[in-house]
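Reader: I would like to go through this model one point at a time. Please start with the terms and then turn to the ligand site.

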Amino acid sequence: MNRIPQHVAIIMDGNGRWAKEKGQARLFGHATGVEAVREALTAASEVKVKYLTLYAFSTENWNRPKEEVDGLMDLLVKTISSELESLNNNDVRLLSIGNMAELPAACREELQLAIEKTKNNAGTVLILALNYSSKSEIKTAIKQIAQRYKNGEITLDQITDDLVSNHLYTAGIPDPELMIRTSGEIRISNFLLWQLAYSELHFTSKFWPDFKKEDFYQAIYEYQQRERRFGKVSEQVQP
Ligand code: IPE
Ligand code: IPE
Ligand code: MG
């Protein structure tokens, strides 16, 4: 318990394949994936992980068949609304990262309402990455910083790591110490490219709907066995 990451990020992957294995439609996999979200969130709260970021929809996911995209948006609206009470009962604060302006109005409004209604909660912060693209996030930051430079508000020397971080959606949130991806895929898929620069990565072959609290604890346990050297040598970082 003395080396719990402050921030864990998860690429929730494998809903479609999980459903296919069971002879079901992909949307059934997404719906069942909501249970795994509850498992991960409960586990994170129990061990006092402060920030839990979940990759729920990428900008690339718009390219899926319309039926699936519509189903996902519908599921999102229903889930945010049905879980609001439980979020409040568990002192969870909801935030989102990504381009909210491009989401369907119903989805954006439900999300804004839940963010507003949970804003005073002091427990775990649940960050939903929705319509999220890390490259877009970085590109937007570059444009904002360039504009500030052009306006004479900052000098080139003032463009530091912290300044860049403060122009990302995740401004003010510490970088994840641990990133988990389910379903056996070993890639980042345009997720938190800047923020994951020194994160420990954990890949599991389990499909997301099968993810349980124990899997979250397992990932944390493995994280705790890792030696994080940040470029130094082992002798320098040993306690
Ligand atoms: C992750 O599961 C959920 C989203 C990307 C929305 P997938 O839908 O990607 O499931 P697979 O990877 O096709 O099995
Ligand atoms: C990444 O999963 C996005 C989310 C989990 C929301 P994908 O299933 O879309 O990723 P790729 O395209 O297989 O890399
Ligand atoms: Mg996938």
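Author: The model is predicted. Strands here are DSSP runs of E with at least two residues, numbered from the N terminus.

Reader: Which strand gives the most to the shell around ligand 2?

Author: The shell includes Tyr55, Ala56, Phe57 and Ser58. Residues 51-58 form one strand, and this strand contributes four residues, the most to the shell. The name asked for is strand β2.

Reader: How do the residues of that shell divide into nonpolar, polar and charged?

Author: Ile11 and Met12 are among the residues surrounding ligand 2, as are Arg64 and Arg187. Ile and Met count as nonpolar, while Arg counts as charged. The division is five nonpolar, three polar and four charged.

Reader: What distance separates a polar side-chain atom of Asn61 from an oxygen atom of ligand 2?

Author: A polar contact requires a pair of N or O atoms within 3.5 Å. Asp13 has a polar side-chain atom 3.2 Å from an oxygen atom of the ligand, and for an N or O atom in the Arg181 side chain the distance is 3.3 Å. For Asn61 the value is 2.9 Å.

Reader: How much of the area that ligand 2 exposes when taken alone does the protein bury?

Author: The space taken by ligand 2 is the largest pocket. Taken alone, the ligand exposes 390 Å², and the share of that buried by the protein is 78%.

Reader: Is Leu163 buried or exposed?

Author: Leu163 belongs to helix α6, residues 161-165. Its relative accessible area is 14%, and the cut-off for burial is under 20%. Leu163 is therefore buried.

Note on methods:
Residues are numbered from 1 along each chain as its sequence is written. Chains are lettered from A and ligands numbered from 1 in the order in which they are written. This is a predicted model: local features need pLDDT of at least 70, side-chain atom pairs count only at pLDDT 80 or more; totals for chains, interfaces and linings use all residues. Side-chain values use heavy atoms; hydrogens and water are left out. A residue is near a molecule or strand if one of its heavy atoms lies within 4 Å of it. A polar contact is a pair of N or O atoms within 3.5 Å; within protein, one must be able to donate a hydrogen and the other to accept it, and residues adjacent in sequence count only if both atoms are side-chain atoms. Accessible areas come from the Shrake-Rupley method with a 1.4 Å probe; for residues, only the protein chains shown count as cover. On a 1 Å grid over the protein atoms alone, a cavity is a set of points where a 1.4 Å probe fits but cannot get out, and a pocket is an open set with protein on both sides within 12 Å along at least five of seven lines; lining residues have an atom within 4 Å of a point. A molecule sits in a cavity or pocket if more than half of its atoms lie within 2 Å of its grid points. Buried means under 20% relative accessible area, exposed over 50%, partly exposed in between (1.4 Å probe, protein chains only).
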